[in-house]
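Reader: I've got a model open on my screen and I'd like to learn how to read it. Could you walk me through it, one feature at a time?

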Amino acid sequence: MNVAIPIFDRFTALDAVGPYEVLSRLPGAAVHFIAAEPGPKRTENDMLTIVAEETLDDLPDPEVIVVPGGFGTRALMHDEQMLDWLRRAHARSQWTTSVCTGSLLLAAGGILDGLEATTHWLVLDVLSAYGVTPVSDRRVVEQGKIITAAGVSSGIDMALMLAAKIAGDGIAQAIQLGIEYDPQPPFDSGSTLKAPGQIVDLVRERASQLA
C-alpha cells in the first residue's frame, strides 16, 4: 500500500511527520514524501528540512494521500500542477486525507465541493469560500473516503482513525501503544473553545507575522 505525502517549502513538520509515524507502521505500507521537484523542502519556520525523493508524477495513483498544511499551502492553492495531481490521484485513491491547511488544497482542487471539512481554526472561513461547510467542533471529519483533520497535532488522531479503517482496531491500537500516544497536556488550551481570549489573540498575532 503506497501512502503519498506531498511536501513543499513552508510546510508544517508535524502535519507530515505525525501521520507518517502512524501510517508507516501499518503492515505492508510504504510512505513516500513526494514533491513537484525532488529535493529538500524546508518547514515554515526554516528549521527543518525533509527530502522529497520522488516527484508527483512518480506516484500518480497512491492508495492513500495525506496532504499536510503550512503557510506554503497558500501559493499552492493556485498551482495547477499540484491541484491537477491531487484531482487525478484522488480519483483513484482509496483514501484522501489532509491535515491542517492541507484541506485548503483539496478545496482549491474541487475535491471538497459540497462536503464538510475542517482545517486550522485560523482559516476555517477560507473553506467556506470554496463551497465547503467548515467544521470547528471536531478534530477529524470523515466524508466518505475523504478525511480532514484540524490543526497540526490532530493529524495523529486522523492517522490512527485511518489505520483502524485499513487494518482494524487492533492494529491501530497497537500502533498507538507503540508510539505511546497518550496525550496528557499540562494545559487545557488546545482549542478556541477552551483557550483564554488573550492566548487566542497571541496566536493570531504570531501567525500574521509568519504568513
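Reader: What share of the 211 residues in the protein chain is buried?

Author: Start with the cut-offs: buried means under 20% relative accessible area, exposed means over 50%, and partly exposed is in between (1.4 Å probe, protein chains only). Here, buried residues make up 45% of the 211 residues in the protein chain. Keep in mind that this is a predicted model, where local features need pLDDT of at least 70, side-chain atom pairs count only at pLDDT 80 or more, and totals for chains, interfaces and linings use all residues. Residues are numbered from 1 along each chain as its sequence is written, and side-chain values use heavy atoms, with hydrogens and water left out.

Reader: What is the mean pLDDT of the protein chain?

Author: pLDDT is the predictor's confidence in each residue, on a scale from 0 to 100. Where pLDDT is low, the predicted coordinates should not be read in detail. In this chain the mean is 97, and 100% of the residues reach 70 or more. Confidence is lowest in helix H8 (residues 197-210), with a mean of 93, and highest in strand E6 (residues 64-67), at 99.

Reader: How many helices and strands does the protein chain have?

Author: Both are DSSP runs numbered from the N terminus: helices are H or I with at least four residues, strands are E with at least two. The protein chain has 8 helices and 11 strands.

Reader: And what radius of gyration does the protein chain have?

Author: That value is taken over C-alpha atoms, and the globule rule is 2.2 Å times the number of residues to the power 0.38. For 211 residues, a compact globule would come out near 17 Å; the protein chain has 16 Å, which agrees. Its C-alpha atoms fill a box of roughly 45 × 40 × 35 Å along the principal axes.

Reader: Let's zoom in. Where does Ile5 lie, and which residues is it in contact with?

Author: Contact means heavy atoms within 4.5 Å. Ile5 lies in strand E1 (residues 2-6), and because its relative accessibility is 0%, Ile5 counts as buried. Leaving aside neighbours within four places in sequence, the contacts of Ile5 include Ala16, Tyr20, Phe33 and Val66. For a sense of scale, Ile5 and Val17 are 12 residues apart in sequence and 9.4 Å apart in space, C-alpha to C-alpha. Across the protein chain, 63% of contacts between residues at least 6 apart in sequence join residues at least 24 apart.

Reader: Is His120 buried or exposed?

Author: His120 counts as buried, at 17% relative accessibility. This residue lies in the loop between strand E8 (116-117) and helix H5 (124-129). Not counting residues up to four places away in sequence, His120 touches Cys100, Thr101, Ala150 and Gly151.

Reader: Now charges. How many salt bridges does a search of the whole structure find?

Author: Side chains of opposite charge can pair when their charged atoms come close. The test is a side-chain nitrogen of Lys or Arg within 4 Å of a carboxyl oxygen of Asp or Glu. The search finds 8 salt bridges. One of them joins Arg25 and Glu21, with the closest N and O atoms 2.9 Å apart. Arg25 is partly exposed at 40%, and Glu21 is partly exposed at 29%. Arg87 and Glu80 also meet in a salt bridge, at 2.8 Å from N to O.

Reader: Which residue does Asp157 form a salt bridge with?

Author: Its partner is Arg139, the closest N and O atoms being 3.1 Å apart. Asp157 lies in helix H6 (residues 154-167) and Arg139 in the loop between strand E9 (133-134) and strand E10 (140-143), so the pair ties together parts that are 18 residues apart in sequence.

Reader: Which residues form a nonpolar patch on the surface?

Author: Patches are made of residues with over 30% relative accessible area and no salt bridge; like charges are joined within 9 Å, and nonpolar side chains (Val, Leu, Ile, Met, Phe, Trp, Tyr) within 5 Å. Areas come from the Shrake-Rupley method with a 1.4 Å probe, and for residues only the protein chains shown count as cover. The patch here is Ile199, Leu202 and Val203, with about 210 Å² of accessible area together. Leu202 lies in helix H8 and is partly exposed, at 41% relative accessibility.
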